[in-house]
Amino acid sequence: DIDAYQNRLYVTVDSSPDSNLFIYNIENHENPVFLGSLDTTSVSAGPNAIAVATSSTGNFAYIANSYGSDFNTCKAKPYNPPTQSNCAQLQVIDITNPVSPSTVLNFLIPTTSPSSVTGSGGGAIGKSILYKDGYIYLGLSKTSTGPEFNIIDVHERPMNPRWVGGYQTGNAVNAIYVKGSYAYLATPNSEELTVLNISNPGNPVKVGGFDATGGSGNGKSLSIVGDILYLGRTTGNKEFYSLDIKTPTTPTQKFEQDAGSSVNDLL
């Protein structure tokens, strides 16, 4: 995944022998300059998604991850607070000094069944992430119990996050976009787009959705410009859609296109 913020580019890559988070200065777009890197010690596919934001205490990168190796130990430990260093679905990285980034917190979702957290690509690993207005919106792969969509409060306290609420989609959350009081989720469900009212972060409520034509193709990617939502799917009948969301609870199809392959991300 990538994120660009304040003339810095943040890149995460699959698990590697050395580092899997890289930071570049991109003030000169034609000549990115490497600044620093970090091994997040993630397992499985590495850090899956990243979101960068500023707080009063510094700059932080929030990573959706599958961190840890001894999940039997995870299952045996209490979850108050859920900040054991040996397992996590969310990692907080201090990037205030981009030359020497450091992991400051590993966070396990307290409501997710520990037995569903595995380090070998199984359920409940961090899969998608979005930062907006002091909240982290974290999507997990499918869990055995507990929500795949989670809202975490990091207002002015990125090193002391607080799980606020969640919603169980019954499947992985591949992408998240938030506009106003609504969260839009792309999932592999038959209804590829789920719309949640998050005006009460402690109790997200499903208020709408969209089922694309054709039975194949999972909801994979999202982007919103104005009142138009763009939805990408994995290979299926059609892979690219634009939807009118003037009425947020009733996304209405405007356009569909055969992309010839999966639409894995959108901007």
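Two strands count as paired if DSSP finds at least two bridges between them. The legends below describe a predicted model.

**View 1. The hairpin of strands S1 and S2 in the predicted model**. Strand S1 covers residues 2-5 and strand S2 covers residues 8-12. The two strands pair in the antiparallel sense, over 4 bridges. In this pairing, Tyr5 stands opposite Arg8 in S2. Between the strands of the hairpin there are 2 residues. Gln6 takes a positive phi in this hairpin, near 50°.

View 2. Of its 267 residues, 48% are buried. The accessible surface of the chain comes to about 11500 Å², and carbon and sulfur atoms account for 48% of that surface. Which share of the contacts between residues at least 6 apart in sequence joins residues at least 24 apart? The share is 44%.

**View 3. The ring pair of Tyr62 and Tyr131**. A pair of aromatic rings is described by the distance of the centres and the angle of the planes. In the model, the count comes to 7 aromatic pairs. One of them joins Tyr62 and Tyr131, with ring centres 6.0 Å apart and planes at 5°, so this pair is stacked. The pair links distant parts of the chain, since Tyr62 belongs to strand S6 (residues 58-68) and Tyr131 to strand S9 (residues 126-132), 69 residues apart. Is Tyr62 buried or exposed? Buried means under 20% relative accessible area, and Tyr62 has a relative accessible area of 2%, so Tyr62 is buried. Tyr131, at 27% relative accessibility, counts as partly exposed.

**View 4. The ring pair of Tyr137 and Phe149**. These two residues form an aromatic pair with 6.2 Å from centre to centre and 15° between the planes, and the pair is stacked. Tyr137 is part of strand S10 (residues 135-140) and Phe149 is part of strand S11 (residues 149-153), so the pair ties together parts of the chain that are 12 residues apart in sequence. Both Tyr137 and Phe149 are buried.

**View 5. A cluster of aromatic rings**. Which residues do ring pairs link into a cluster? They are Tyr135, Tyr137 and Phe149.

Key
Residues numbered from 1 in each chain as written. Predicted model: local features only at pLDDT ≥ 70, side-chain atom pairs only at ≥ 80, totals over all residues. Heavy atoms only, no water. Buried < 20%, exposed > 50% of the residue type's maximum accessible area, 1.4 Å probe, protein only. Contact = heavy atoms within 4.5 Å. Areas by Shrake-Rupley, 256 points an atom, 1.4 Å probe, with all protein chains shown as cover. Phe/Tyr/Trp six-rings, centres within 6.5 Å; stacked < 30°, edge-to-face > 60°.
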